[in-house]
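Open the model in your viewer and keep the selection tool at hand. Each stop below tells you what to pick and what you will find there.

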Amino acid sequence: MNQVAIVKDIYLSYNVHTGFFSRQVVNAVNGISFNLSKNEMLSIIGHNGSGKTTTLSIVAGILKPDKGNIVVKGRVVPFLGLGIGFNPELTAKENVFLYGAIMGFSRKHTLRIYDSVVEFSELKDYMNLKIKEFSTGMYVRLGFSVAIYTSPDILIIDEVLAVGDVRFQRKCLETINNIKVKGTAIMFVSHDMGLVSRFSDRVILLDRGKILKEGDPDDVIQSYMDMQENSPMLQKSRRGSGEIEIVGIDMNKPDRSYQNDEEISVSVHYKRNSEVKDGVFGFAVTDDNGVVISGPNTKDYANMLIEFKNEGTIEFSFKSIALNPGKYFITVAFYDNTNRFPYDHIDHVEYFTLNGLKRKHLGIMKLPVKWKVK
Amino acid sequence: MEFFTRHINLLTELIKSDLKSKYKNTILGFLWILFEPLFMMIILYIVFNKFIRFQMDNYPMYILSGVILWRFFINTTSQSIFIFYRNREMILKVRIPRLLLPFSIVLSNLVITFFEYIVYFILFLLAGMHLSWTMLFFLPYLLLFAFFTAGVSLLLALIYPFFKDVKPGWEIFSQALFFLCPIFYPFEIVPYKFIHVYLLNPVAVFILGVHEMLYAGVITDSTIILNSVFFSVIVFIVSVLVFLMNEEKMVKSI
């Protein structure tokens, strides 16, 4: 087959110094094997520290595995960080030549691609500016533009595209797709599951330096999501003046796993610590990136103030309609009757998971759409 | 061959980038390369012609010939010591021959040193000193010293990510080394019984060689040449080998 990289049972460990004489061995990559073919985009996903970057670095030839074999055919161009090798004191133009040299080009070659690089980066008016004046977005643009014009056989991209504006990011992804069609193999690491799902042909899920799952993007992404449910990412945090105190929360399903049309019901128990008459209760639903999906409260939604008792319970329920599958967090809060000052506000105190939809749709939900073709 | 030209290109780009970032933001720019030895000469002239007098003709020229070489050595080594550590992003994220990083520092300093010696020659002629054919040996001799310096620099740069102590250690050590070189005093004042120990200092040996070629204009003593070659070859080869053996370890712990 058209295989451009064959990775066979590689191992790599670091020695991390924890003190002057003590060290700890970190097994970053723990027996990984995979192949990479022409015209293929292979994504690697996993938690931080699961060995993604180390694996990319090994394929890029930057790190040598302690054990195992790796065969790479053709030119590998790694794009693992922002403005690597750029000298901030030099102009953008001079840096293109420096970066070209770092990428292993002759000056002639860099000269040949220079105009296209500038055009692609859309930084034509800034090329004589010192690069230290550049924003991070501009760094990415320039760096990526050089990398993409290197006509690599294997292009390795680690998360960097997350910086920079969305339009340029789309342009990069389109270009990546184009060079993929022309034969380049691409290895990609990202925490953006939407990107991974839309562009990858195959996905590898890493956990503690081992391959947990490999194959169809949506399947593997789903397994990754399931994994995350056991390790919440958002931090619980609490603030407020304490007149009203939340003492307990119950959910109607102990396993916190719901279908899309299922009712999610939450009971919040509180007690009153000092004399306050009434106030507002609210909650918010947040996705696993911390994006607030919705934040209803009794004042705005029902023009209702809660008459506090010494001990009481507020129950609310809602349906998730068509939110994408994944993990969601619930924030609950009691505020004063002006809805400005918190008595007790706990972020991400509870969570639930949605399994209803088969796959993750672009955005946060599946919009109920009626299509009509005329 | 293509491999070779690519590396040459990377090396030139790194040297250019280093020189540009050193001088580009200054008003005088690259003229600084010429001014530095000139100013130094003025100071030396005032101090050693008016205040302190040695029984030696053109004593400031004697000092300058050695001081330029010393500056090359000390500037290169003290800049190289951080080179891997400072460029760890680059080392971890692109694939480049890492040896070229310290070597580019050696070469960019060599360019500066070359121009400083041109100023030296101009002053040499202005001082009414006589040119000698022994000066022809100077360029290859300087190159030889560059190999020695490259060896030392590479070793220091390799050790630094593991032991940061190497930096203050090197500062103290190189200060001692400076006083153990015949830069500000004539070699003749070194007592005879210490000479063998004194000549274990490679930099002192090189400076003796430079004095003979550029100042005295006599045929350089063959022991000096042999010792210089010996030091350069050994130091360079050993440090490249040590580097290659420990490169992976360094990359991982950087």
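Predicted model: local features only at pLDDT ≥ 70, side-chain atom pairs only at ≥ 80, totals over all residues.

**Stop 1: where the chains touch**

Colour chain A and chain B separately. Across the contact, 21 residues of chain B meet 24 residues of chain A. Now select helix H1 (2–23), helix H5 (88–93) and helix H11 (222–253) of chain B. Each of these helices gives at least two residues to the side of chain B that touches chain A. H1(B) supplies the largest share of that side, with 8 residues. What kinds of residue make up the side of chain B that touches chain A? It divides into 9 charged, 6 polar and 6 nonpolar residues.

**Stop 2: the cores**

Next, select Val59(A), Phe79(A), Ile154(A), Ile156(A), Met187(A) and Leu69(B). These residues have the most contacts inside the largest nonpolar core, which has 130 residues. Then highlight helix H7 (residues 138–159) of chain B. The largest share of this core, 14 residues, comes from that helix.

Zoom in on Phe79(A). Which residues is Phe79(A) in contact with, leaving aside its neighbours within four places in sequence? They are Gly143(A), Phe144(A), Ala147(A), Leu155(A), Ile156(A), Ile157(A) and Val160(A).

Now pick Ile244(A), Tyr258(A), Phe281(A) and Phe308(A). They are among the residues of a second, separate core, which has 23 residues.

**Stop 3: an open sheet in chain A**

Stay in chain A and switch to a cartoon view. Three strands form an open sheet here, in the order E11-E13-E17, with antiparallel pairing. Select strand E11 (244–251) and strand E17 (311–319) of chain A. These are the edge strands, and each pairs on one side only. Neighbouring strands of the sheet are turned by 25° against each other on average, direction ignored.

E13 pairs with E17(A) over 9 bridges, in the antiparallel sense. To see one facing pair, show Val268(A) and Ile314(A). Val268(A) stands opposite Ile314(A), which belongs to E17(A).

**Stop 4: annotated spans in chain B**

Move back to chain B and select residues 28–246. An unreviewed UniProt entry annotates this span as "domain: ABC transmembrane type-2". In the model, the span is 73% helix and 0% strand, and its end C-alpha atoms are 42 Å apart.

UniProt (unreviewed entry) also lists "transmembrane region" for residues 27–48, 60–85, 105–126, 138–160, 197–218 and 224–244 of chain B. Residues 60–85 of chain B are 92% helix and 0% strand, with end C-alpha atoms 38 Å apart. Residues 138–160 of chain B are 96% helix and 0% strand, with end C-alpha atoms 32 Å apart.

**Stop 5: two loop residues in chain A**

Finish with two backbone details. Select Glu122(A), in the loop between helix H3 (107–121) and helix H4 (136–148) of chain A. Glu122(A) is not a glycine, yet its phi is positive, at about 60°. Is Glu122(A) buried or partly exposed? It counts as partly exposed because it has 15 C-beta neighbours inside 10 Å.

Last, select Arg256(A), in the loop between E11 and strand E12 (257–258) of chain A. Its phi is near 55°, again a positive value in a residue other than glycine. Arg256(A) has 16 other C-beta atoms within 10 Å, so Arg256(A) is partly exposed.

Conventions
Residues numbered from 1 in each chain as written. Chains lettered and ligands numbered in written order. Contact = placed C-beta atoms within 7 Å. Helix = DSSP H or I, 4+ residues; strand = E, 2+ residues; numbered from the N terminus. Nonpolar A, V, L, I, M, F, W, Y, C, P; charged D, E, K, R; others polar. Core = buried A, V, L, I, M, F, W, Y, C linked by C-beta atoms within 7 Å. Buried ≥ 20, exposed ≤ 12 C-beta atoms within 10 Å, placed from the backbone. Pairing = 2+ DSSP bridges. Axes fitted to C-alpha atoms, helices over the stretch in contact; angles between N-to-C directions. UniProt positions renumbered as here; feature names shortened; annotations may be inferred.
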